[in-house]
Amino acid sequence: MDDFVAWFQHNGGVLDTSVMGITDFPGSGRGAVALQDIPENHTIFTLPRSLTLSTQTSTLPSAFGFKAWKKHKLHLGWVGLILCMMWEEAQGNQGKWITYLASLPTQFDTPIFWSDEELQELQGTAVVDKIGRDEAERDYHEKLAPAIKTRPDLFPSDQIDAWYTLRRYHITGSRILSRSFNVEKWEGEVEQDAEYVPEEDSNEDTRADTSIGSAMNVDEPGDGSEAEDKGSSDRDSDDEEVEDTSDIAMVPMADILNARYDSVNAKLFYERHHLHMVTTKSIKAGEQIFNTYGDLPNSDLLRRYGYVDLVPCPHLKGGLGNPQDIVEIRADLVVNVVCGDVPNSETYRQRINWWLDEGGDDVFIIDADPILPAALTSFIRLLLLTQEEWEKTQEKGRPPKAKFDHQVSSLLRRIFELRLTSYQSPDLEVDAKLLASESLTLNKRHAIVVRLGEKQVLAGALETLRLMSAALSDVGSNGSKGKRRVASGGMTGGAKSKKARH
């Protein structure tokens, strides 16, 4: 990494080499280590915005022509940034970022590179439908490949098989997915095809934002207080029809920092012309310096970054797992359970369309929190309404209240039990025994960790449901006056609704 550090410093980066080193950590690969005790609010390194690599800093869009760039739809999604990175790497020693690009990984443990047999191990998890291999390859064949054929001056034919293959496209896309940041344009700036002339530098802070499908958060310097953790909201946009990725950038040095659940101790802040990595708490000598991906479930960590988190979990009574693990309950599963043999009848189609038009979820999220989402119960009650009740609901313009009763309890149990059958085996003990084997491949071990975590969440939801049903029976047997109210939000009536993660 000496060449990379020298390149970073030569191009305007400033690294405090007295406090930060780069080393390999067992189990997590290359990362940043504290060489001495580092106080809170210490700037570890700084780099100019011009050193970030994006569609705004690469010269390729300008050389290709902005009109032609948009004609080939290279400004939509990630394909433009992927092409910029492939082109910059193809420039060899003449390219500005060649030393940085040479330092990036070329092999990944993410499921997009798994075999079909390995992917079968993820059956039923929240990973499979979000890998996006087919969509990525469609962009390659329909956008990138036709575009580069129109400019042999920029993409010589003898370089196509070396630098612009489908495999390199996937590798570059994985680099972006796992290592990019959102570096928001400064207020008043416009994209590079609008003939913008930069103003003088300023120390004014910019508003924090997070990335669209990328790895890390970038926050405003603020008043010196700890940066706000944006969690995973930045990654909940993977399925948007048109993504604005003009702010997505590769940030040399910043992407060396690893992440681990609840371990963030440094964050990236930005100003008009510079970015700064600043400690958000004190770090002891020898400790790893962590940035944040947001506290994500293992399904997202595996899909995006190729690893899983295992820490002691309260919901597992101290056993190892990921406290952020979730299970997705698709609305069509709910419809099939509630509506039986006639889920496609006109009556149910009207209610489902109304629910979606009113902003209702099409996926319900169950997590380790012992509170069932009120939206799920509300949706079930919508499907159970009589025709007269349905007409009144339409007039009010509000979905039914999330009232929990024996009928809802029975349906929820059936939904959770059916969801369990979508995995290779609904038996938690089977996976727990498999994990004890030392002969597992890394990919299979990761797959088992993900699906076991989800099944543990479902087991917890079934136990919560059992307790709620028991409380409901107690209320019924003793009379309702003065007794606890039992609602879908939990045994004390607190409603909880969640949006699907994508």
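Modeller: Let's begin at a strand pairing: Phe25 has Gly29 as its bridge partner in β3. Keep in mind that this is a predicted model.

Colleague: How do you know that β2 and β3 count as paired?

Modeller: Pairing takes at least two bridges, and β2 and β3 (residues 29-34) have 6, in the antiparallel sense. Asp24, for instance, stands opposite Arg30 in β3. In the hairpin there are 3 residues between the strands, and Gly27 has a positive phi near 90 degrees.

Colleague: And what makes β3 and β11 a pair?

Modeller: The cut-off is at least two bridges, and 2 bridges join these antiparallel strands, so the pairing counts. Val33 has Gln288 in β11 as its bridge partner. That gives an open sheet of 3 strands, in the order β2-β3-β11.

Colleague: Why are β2 and β11 said to stand at the edges?

Modeller: β2 (20-25) and β11 (288-289) each have a single partner strand, so one side of each lacks a neighbour in the sheet.

Colleague: Next, β14. Why is it described as largely enclosed?

Modeller: Buried means under 20% relative accessible area. In β14 (residues 326-330), 4 of the 5 residues are buried, so the rest of the structure largely encloses this strand. β14 also pairs with β15 (residues 363-367) over 5 antiparallel bridges, and Ile329 has Phe364 as its bridge partner there.

Colleague: Why is Asn298 called buried?

Modeller: The limit is under 20%, and Asn298 has 1% relative accessibility, so it counts as buried. Asn298 lies in helix α10 (residues 298-305). Leaving out residues up to four places away in sequence, Asn298 touches several others, including Tyr307, Asp325 and Val449.

Colleague: What makes the Asn298 and Asn322 side chains a polar contact?

Modeller: The distance has to be within 3.5 Å, and for these two side chains the contact is at 3.0 Å.

Colleague: Last one: why are α4 and α7 called oblique to each other?

Modeller: α4 (residues 79-90) and α7 (residues 133-149) pack at an angle of about 50 degrees, with axes 11 Å apart. Roughly parallel would need an angle under 35 degrees, and roughly perpendicular starts at 65, so α4 and α7 are oblique. On the α4 side, Val79, Leu83 and Met86 make the contact, and on the α7 side Asp139, Lys143, Leu144 and Ile148 do. The crossing of α4 past α7 is right-handed.

Technical notes:
Residues numbered from 1 in each chain as written. Predicted model: local features only at pLDDT ≥ 70, side-chain atom pairs only at ≥ 80, totals over all residues. Heavy atoms only, no water. Buried < 20%, exposed > 50% of the residue type's maximum accessible area, 1.4 Å probe, protein only. Polar contact = N/O pair within 3.5 Å; in protein donor to acceptor, adjacent residues only side chain to side chain. Contact = heavy atoms within 4.5 Å. Axes fitted to C-alpha atoms, helices over the stretch in contact; angles between N-to-C directions. Parallel < 35°, antiparallel > 145°, perpendicular 65-115°, else oblique. Left-handed = near helix turned anticlockwise from the far one by under 90°.
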